[in-house]
Amino acid sequence: MTAIRHNDGVLDAARDCVLAYGVRRTTLTDVARRAGVSRMTLYRRWPDVRSLVADLMTREWLRAVEDLDLSDPVAAVVEGVRRLRSHPLWVKIVEADPELLLPYLLHRRGATHDAVLTLLERVTGDPRAARAVLLVAQSFLISAPAMTGPGGDGGVTLDDLDAELAALLEGYLGQLDRHP
């Protein structure tokens, strides 16, 4: 995130608007009004709501995981998934505007992906392993709720699936330790 586009007051206002209205119904005018700045100030920094929300998501997701204890990578990844899954902005976007996430799932990495990959590469010592861990964690973040609840789930909870994520990561990362 570039310094010129980082403005906590504006990003806070954008977060409040998205939580209240969803991304599609949020306008730069709404954000400017809530932030107490002119629309032109916003337009000079963000050409549209989506670019503003992209910066907001980066800030929020990185804040959610910034203090994880990486001395236990498995516990850190599982806790990161839990924090993001329950983050109010994540919940709102998944419920109201899930299509906003598609470019980051199908076509390109976002700034958050890059930051998390940097951490995971330090922990795993391998860029391929870091990407594999991120892909697995991302799938549990996005799809785990669909694997719980009514409809023959066998009583599977998010906690159960998080335990399975931990088991998968323990096995994979343990295998990396044995075969560099």
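## What covers H2?

What covers the buried residues of H2? The cover includes H1, helix H3 (39-45) and H4, where helices (H or I, at least four residues) and strands (E, at least two) are DSSP runs numbered from the N terminus. The buried residues of H2 themselves are Leu28, Asp30, Val31 and Ala32; buried means under 20% relative accessible area, exposed over 50%, and partly exposed in between, with a 1.4 Å probe and protein chains only.

A word on the ground rules. This is a predicted model, with local features needing pLDDT of at least 70 and side-chain atom pairs counting only at pLDDT 80 or more, while totals for chains, interfaces and linings use all residues. Residues are numbered from 1 along each chain as its sequence is written, and side-chain values use heavy atoms, with hydrogens and water left out.

## The overall picture

It's helices from end to end: the protein has ten of them and zero strands. The C-alpha atoms fill a box of roughly 55 × 40 × 30 Å along the principal axes, and 40% of the 180 residues are buried. If you take contacts (heavy atoms within 4.5 Å) between residues at least 6 apart in sequence, 60% of them join residues at least 24 apart.

## The nonpolar core

A nonpolar core is a set of buried Ala, Val, Leu, Ile, Met, Phe, Trp, Tyr and Cys residues joined through side-chain atoms within 4.5 Å. The largest one here has 50 residues, and Val31, Leu52, Met57 and Ile93 touch the most other members. At least two residues each come from helix H1 (8-21), helix H2 (28-35), helix H4 (49-65), H5, helix H6 (88-96), H8, H9 and helix H10 (158-178). H4 is the top contributor, giving nine residues.

Leucine 52 shows how this looks up close: setting aside neighbours within four places in sequence, leucine 52 contacts Val10, Leu11, Ala14, Leu28, Val31 and Trp46.

## Two residues of H5

Arginine 85 sits in helix H5 (residues 73-86) and counts as buried because its relative accessibility is 11%. Its side chain makes a 2.8 Å polar contact with the side chain of aspartate 162 and reaches the backbone oxygen of phenylalanine 140 at 3.5 Å. (A polar contact is a pair of N or O atoms within 3.5 Å; within protein, one must be able to donate a hydrogen and the other to accept it, and residues adjacent in sequence count only if both atoms are side-chain atoms.)

Valine 81 is also in helix H5, and is buried at a relative accessible area of 4%. Beyond neighbours within four places in sequence, valine 81 is in contact with Ala137, Phe140, Leu141 and Leu165.

## A buried loop residue

Aspartate 126 belongs to the loop between helix H8 (111-124) and helix H9 (127-143). With 17% relative accessibility, aspartate 126 counts as buried. Its C-alpha lies 9.1 Å from that of leucine 176, 50 residues away in sequence.
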